[in-house]
Amino acid sequence: MTNQTKEDPVIDEALVPISTFMEDLSDINGEVSDMQAGIRMQVQKAEIGLPIQLDIHVDDQGKVILGASPPLYYTETSYSPVFHQVEVRLEIVDPHSKGNGITESSMES
């Protein structure tokens, strides 16, 4: 069965659109605290790397539609899915600094 949303009409229902996957993966609030213990830690930089499973479709107009998730199955079968690697680097950037504030991500097959 497939995800039949208006934006992504053919993505497998077990996966989400790649944009949603990357947004959720990078949703880090940057602070870990326990006020009762008097502990507060602010994350300045995070690097995340993990295998992902992709669902790739091309619609009638030639638009490529990607769905993604962490690997769903680890059982060896005669037809095993191909896993890809995604790496995301997030860093808090001072908006007043001379840097451009752009975060970096990459995907490998």
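Two strands are taken to pair if DSSP finds at least two bridges between them, where strands (E, at least two residues) and helices (H or I, at least four) are DSSP runs numbered from the N terminus. The structure is a predicted model, in which local features need pLDDT of at least 70 and side-chain atom pairs count only at pLDDT 80 or more, while totals for chains, interfaces and linings use all residues. Residues are numbered from 1 along each chain as its sequence is written, and side-chain values use heavy atoms, with hydrogens and water left out.

The protein chain contains one helix and nine strands, arranged from the N terminus as β-β-β-α-β-β-β-β-β-β. Of its 109 residues, 21% count as buried (under 20% relative accessible area; exposed is over 50% and partly exposed lies in between, with a 1.4 Å probe and protein chains only). Among contacts (heavy atoms within 4.5 Å) with a separation of 6 or more, 53% involve residues 24 or more positions apart.

Strand β3 (residues 16–17) runs antiparallel to β7 and is joined to it by two bridges; Val16 has Ala68 of β7 as its bridge partner. Strand β6 is likewise antiparallel to β7, with six bridges between them, and here Gln53 is partnered by Ser69 of β7. Five residues separate the strands in the hairpin of β6 and β7, where Gly62 adopts a positive phi near 90 degrees.

Ser69 counts as buried because its relative accessibility is 4%. Apart from residues up to four places away in sequence, Ser69 touches Ala14, Leu15, Phe21, Ile52 and Gln53. Phe21, Ile52 and Ala68 belong to the largest nonpolar core, whose nine residues also include Ile18, Leu25, Leu50, Val86, Val88 and Leu90. Such a core is a set of buried Ala, Val, Leu, Ile, Met, Phe, Trp, Tyr and Cys residues joined through side-chain atoms within 4.5 Å. Two or more residues of this core are given by each of α1 (18–25), β6 (45–58) and β8 (83–91).

Val58, located in strand β6, is exposed because its relative accessible area is 57%. Together with Ile56 and Val64, Val58 makes a nonpolar surface patch of about 280 Å².

Definitions and conventions:
Patches are made of residues with over 30% relative accessible area and no salt bridge: like charges are joined within 9 Å, nonpolar side chains (Val, Leu, Ile, Met, Phe, Trp, Tyr) within 5 Å. Accessible areas come from the Shrake-Rupley method with a 1.4 Å probe; for residues, only the protein chains shown count as cover. A salt bridge is a side-chain nitrogen of Lys or Arg within 4 Å of a carboxyl oxygen of Asp or Glu.
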